[in-house]
Amino acid sequence: MDAAQRTRPNPAPIPWAWYLVGFAVTAVSLAFAMTYYDAVPDPMPVHFDAAGEPDSFTAKTVPGFLGMHLLGPGVTMLTGLASAALVTSQARSAAEDTFPARAPEDRARTVGILSRLQKPMATYLVALAIIVALAVHQSFGAFGDWNLSIWWVLAAIGLLTVWLMVTLSRSVRDAEVENPPASDAERLRWGMFYVNPADERVFVDLMGGANLTFNFARPLAWVVLLALLTPAILVLILVGLSS
């Protein structure tokens, strides 16, 4: 990479402000946890059933107590930051034409998609960290009589995920409007689903290898997708039965 490439602005910069908000939320959550630490019983609960009732306990310590509050939001924000860095790297590679045999309009479309991913993804992760933090505080009785079941957490995450998918779909569609694919067969339906009966592949690499998706015109793609979703479906069923 030459000096000009090193100084060129990245087309998909990491939205640091959002991630700083996420880490600030985590810090505030830890500070709030300490305000009711003395009221937590010893041994303290470390696992909760689907109804939010404790079913496993351990000796109460400050590191262990704060660790339970830090784990969910902290891992969420660190994972998001790593993902954002990967998107930034991919956008730079696309802009600098390090992918082989890419037409200018294809590279521009890839950069457009990646640049639109950053803020929605960061927003999603910050909101997810807040939901997880609230769920942990609720489990320890921080909000008094306000004690809803695990279903409010699942519903909130579900709605948040739907918002993210719709937003990303719109982002892909906008990028395709600016730089249309060379062939209509290569378009993603609704911005998300690749359907091309003329393509014999089940797994299709998009954006120069930066993304992998199914070809939903192939029955085997639906079989593989169902196999991947089965564990999550079983977990939801078990949670419902246990509550």
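Author: Contact means heavy atoms within 4.5 Å. By that rule, Met121 touches Tyr19, Ser83, Ala84, Val87 and Leu164, leaving aside residues up to four places away in sequence. This is a predicted model: local features need pLDDT of at least 70, side-chain atom pairs count only at pLDDT 80 or more, and totals for chains, interfaces and linings use all residues. Residues are numbered from 1 along each chain as its sequence is written, and side-chain values use heavy atoms, with hydrogens and water left out.

Reader: Which residues have the most contacts inside the largest nonpolar core?

Author: A nonpolar core is a set of buried Ala, Val, Leu, Ile, Met, Phe, Trp, Tyr and Cys residues joined through side-chain atoms within 4.5 Å. Buried means under 20% relative accessible area, exposed over 50%, partly exposed in between (1.4 Å probe, protein chains only). Here the largest core has 23 residues, and Tyr19, Met121 and Tyr124 have the most contacts inside it. Helix 4 gives the largest share, eleven residues.

Reader: Where is Thr161?

Author: Helices (H or I, at least four residues) are DSSP runs, numbered from the N terminus. Thr161 lies in helix 5, residues 150-178.

Reader: Why does Thr161 count as partly exposed?

Author: Because its relative accessibility is 29%.

Reader: Which side chain makes a polar contact with the side chain of Thr161?

Author: A polar contact is a pair of N or O atoms within 3.5 Å; within protein, one must be able to donate a hydrogen and the other to accept it, and residues adjacent in sequence count only if both atoms are side-chain atoms. The partner is Tyr124, at 3.2 Å. The Thr161 side chain also reaches the backbone oxygen of Ile157 at 2.8 Å.

Key:
Helix = DSSP H or I, 4+ residues; strand = E, 2+ residues; numbered from the N terminus.
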